[in-house]
Amino acid sequence: MKNRKVRLTSVLIACVMLLAACGGGAKNSANNGNGGEQTASSESGGEKILRTNNKTEPGSLDPAIAKGTHESFVIYQAFEGLMRYDENDELVPGQAESYEVSDDGMTYTFKLRDGLKWSNGDPLTAKDFEYAWKRVIDPELASEYSFQITTYVKGAEEYFNGEGSIDDVGIKALDDKTLEVQLKAPTPYFLDITAFYTLLPVNEKVVSENPDWAKDPQGTEFVSNGPFKITEWNHKENIKMVKNDNYFEADKVKLDGLYFDILEDDNTAYQKYEGGEYDVLVQPAPAVTAKALQADDPELKMGKDIGTYYFEFNTTKKPFSNAKVREALSLALDRKTIVENIAQGGQIPAEGMVPLGLNDDTDKDFREANGNLVAEDVAKAKELLAEGLKEEGMTAEDLKGFTLSYNTDEAHKKIAQAVQEMWKQNLGIEINLENMEFQVLLDNRKAGNFEIARAGWVGDYKDPMTMLDLYMTDNPQNDSKWSNKEYDELLKKAAASPDQKVRMDSMKAAEKILMEEKPIIPIYFYTQPRLEKSNVTGVYKPLLAYPRFIYADIEAGK
């Protein structure tokens, strides 16, 4: 087994070296694919336009409908919630000027700042937040993030399920500047949720008059309330934004605009960065990151993340309905090899669904407190696979027709190939690989049109619940369709209790069930590397999101 593992590692290293070679000569071909446009800082007669990449086409830029980082990266530049994360990763008032919490922790009262406006000049009031939040839980909208409100707000779940009135939902604009929110139970992280993109405000008049307002800015104004506003969305090509002069802190916004290239190919993106067409390159190819790390390149910024990279099973399809088969496929993977030789961005092999960086009731890291729940044991994997397949009336030969789906990206491809090879060498099974656009993958997962699929989850707020409630039975984002009554009850108990020890103990027990049943295979805990030119300042990355450009600047002459 040792020799086999060495051979596999050698193959993986060779693949990465080939990838690095493909990225060579970048400066000689920097203008490929974009007509040799000017560099960001000199475009449009000297305006400060920061240029970067967005790896895939957004499905929607409507905060209520958006469901991934490929959308939120843009959305967070254009919108702002009641609260926001600042450059020190502290949760601070955003559109709210202040807030009060009742003694029982059940009622939040937000006071908005004076003179808030939408980008089109309309007044922004507490009624806009009431409208936006109630729109999220409208059953006809079918927002996949509706649970961020139905789980916590009084009357929201009843309304969403058709068993209550919208008037009984605990979200009320008391006047133009005051929003009152009544919760079902004390929720220590509720303020964090108000900074999440699903709870960003939208302009009721704009949304009502144009159902496609967030899909096609051309021909109509894309109205938002953040530091920038969208002026163009050339689908599958680019998104252009300009400074929003109506933003309440417009005097602190130094850039004239932003330019997001929609580009999946990592090599082309790196060539553009090297050629001066990008000021910032988010998540460069693994070989590029590895090279920058080795060289201690000052342009490399390693952002922290609360997120987990994993593969998800469709548990409604045999043999992945069998927990022994799922566990066998997990046990057969060498995560250390994947992290060190493929991902190469400082990632940490996963030990559960909840990543490092979230504390429990004793201020100990939740991950460390709950232990390593992910093992590697090829002998046990073979045993479980044989048992599970026999129970399903299948053999290893029957797995040849199954497919692991992943979204188009060089890193995802290399990881999928490594997983495919590990399963072949360690278990003697062969599966197919299929790549597709990220939005297509998301849609297929939602529709149940997959067998095994790449997935990733970045936390929405700073509490272990953000990683665990995803797999509750009724969560719209539970694409695996896995269901466990005890798991659900433990998380409901954690959500309802004001006692932090009760909450954390319940979540620890729930995570152990999730990792015993394995509807998912955690691979590693995320980091987020980016390359940033030396003349760019003020970019910051919150722990729970992609980089923010509100305070960014491009210094001349550097």
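## A buried pair: Asp261 and Lys272

Asp261 and Lys272 are both buried, where buried means under 20% relative accessible area, exposed over 50%, and partly exposed in between (1.4 Å probe, protein chains only). These residues belong to a predicted model, in which local features need pLDDT of at least 70, side-chain atom pairs count only at pLDDT 80 or more, and totals for chains, interfaces and linings use all residues. Residues are numbered from 1 along each chain as its sequence is written, and side-chain values use heavy atoms, with hydrogens and water left out.

Asp261 forms a salt bridge with Lys272, with 2.7 Å between the closest N and O atoms. This pair links distant parts of the chain: Asp261 lies in strand β10 (residues 257-262) and Lys272 in helix α9 (residues 266-274), eleven residues apart. Helices (H or I, at least four residues) and strands (E, at least two) are DSSP runs, numbered from the N terminus.

## Salt bridges in the structure

A salt bridge is a side-chain nitrogen of Lys or Arg within 4 Å of a carboxyl oxygen of Asp or Glu. The structure holds 34 salt bridges. Among them is a network that links Glu80, Arg84, Glu249 and Lys252.

Glu532 and Arg530 also meet through their side chains in a salt bridge (2.8 Å, N to O), and both residues are buried.

## The pair Lys48 and Asp553

Lys48 forms a salt bridge with Asp553, the closest N and O atoms lying 2.9 Å apart. The two residues are 505 residues apart and link distant parts of the chain: Lys48 is in the loop between α2 (43-46) and β1 (49-54), and Asp553 is in strand β19 (residues 553-554).

Lys48 is partly exposed, with a relative accessible area of 29%, whereas Asp553 is buried, at 13%.
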